[in-house]
Amino acid sequence: MRLTVFGATGRIGQEIVQQALAAGHEVTAVVRDPSSFTIAGPGLQVFRADLKEGESLREAVAGRDAVLSGLGARKRGDAGIAAKLTRSVLWAMEAEGTRRLLVVSAAPLGETAEHEPLLDRAMLALINSLLKPVYDDLRAMETDLAASTTDWTSVRPPRLLNKPLTGTYRTVVGANPPSGRTIGRADVAHAMLSMVEDGGTVKQGVGVAY
């Protein structure tokens, strides 16, 4: 497949690029500063663009089978960036007629499992309160996704870990996995790539966790 990855210099974005290349896909990694991107290999194109300008992204998404985005706030002070930059991606995709889009969101935006333990419910509520600006940003992003013409999927992980790929995790369409507290960034990337051709995840939020 021909894939485009936004947020390619981030930790999830790098995992998406590396795993996609290892699987034999053609990958376009969209970055603001190519000097900060160290991944190389056959099948990779590094595309420099201003992520705030949708027009500059059209070439990067034209003719692609899917677009995967790891864009989002890396700290509390970055709140607002996910929705803002994703709007540029959506504009470019709609202008080019590219339909499949997968983005990283977060578990607090998902539905709590029916039999979720009280402690886990309390933890989600606390995290939602402490990081409200970040999650409000992601909610705005998901609202824009829902209003778009793209075949989007919002992947909602809980607390992210830096650990090797396991390929073993749970996914739930429309809700969070019960007591799903953590997942590695490499497995989030793996899940996103696995969902590219999964029609059951289109226009859905998908919880993913160990």
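User: Does Thr182 count as buried or exposed?
Analyst: In this predicted model, Thr182 lies in strand 9, residues 182–184. The cut-off for a buried residue is under 20% relative accessible area. Thr182 has 18% relative accessibility, so Thr182 counts as buried.

User: Leaving aside neighbours within four places in sequence, which residues is Thr182 in contact with?
Analyst: Contact requires heavy atoms within 4.5 Å. With its neighbours within four places in sequence left aside, the contacts of Thr182 are Pro158, Arg159, Leu161, Ala209 and Tyr210.

User: Is helix 1 parallel or oblique to helix 6?
Analyst: Helix 1 covers residues 11–22 and helix 6 covers residues 185–195; their axes are 8 Å apart and the packing angle is about 55°. Angles under 35 degrees count as roughly parallel, and 65 to 115 as roughly perpendicular. The angle therefore makes helix 1 oblique to helix 6.

User: How do the residues in the contact of helix 1 with helix 6 divide by class?
Analyst: Helix 1 contributes Arg11, Ile12, Glu15, Ile16, Gln19 and Ala20, which meet Arg185, Ala186, Val188, Ala189, His190, Met192 and Leu193 of helix 6. By class, the residues of this contact are eight nonpolar, two polar and three charged.

User: Which residue just after helix 1 takes a positive phi?
Analyst: Within helix 1, the buried residues are Ile12, Gly13, Ile16, Val17, Gln19, Ala20 and Leu21. Just after helix 1, a positive phi of about 90° is taken by Gly24.

User: Is helix 3 roughly parallel or roughly perpendicular to helix 5, and is their crossing left-handed or right-handed?
Analyst: Helix 3 (residues 81–96) packs against helix 5 (residues 132–147) at about 20°, with the axes 7 Å apart. Since angles under 35 degrees count as roughly parallel, helix 3 is roughly parallel to helix 5. The crossing of these two helices is right-handed.

User: Which residues of helix 5 make the contact with helix 3?
Analyst: On the side of helix 3, the contact involves Ile81, Ala82, Ala83, Thr86, Arg87 and Leu90. The residues of the contact divide into eight nonpolar, one polar and three charged. Helix 5 supplies Asp137, Leu138, Ala140, Met141, Asp144 and Leu145.

Methods: Residues numbered from 1 in each chain as written. Predicted model: local features only at pLDDT ≥ 70, side-chain atom pairs only at ≥ 80, totals over all residues. Heavy atoms only, no water. Axes fitted to C-alpha atoms, helices over the stretch in contact; angles between N-to-C directions. Helix = DSSP H or I, 4+ residues; strand = E, 2+ residues; numbered from the N terminus. Parallel < 35°, antiparallel > 145°, perpendicular 65-115°, else oblique. Nonpolar A, V, L, I, M, F, W, Y, C, P; charged D, E, K, R; others polar. Buried < 20%, exposed > 50% of the residue type's maximum accessible area, 1.4 Å probe, protein only. Left-handed = near helix turned anticlockwise from the far one by under 90°.
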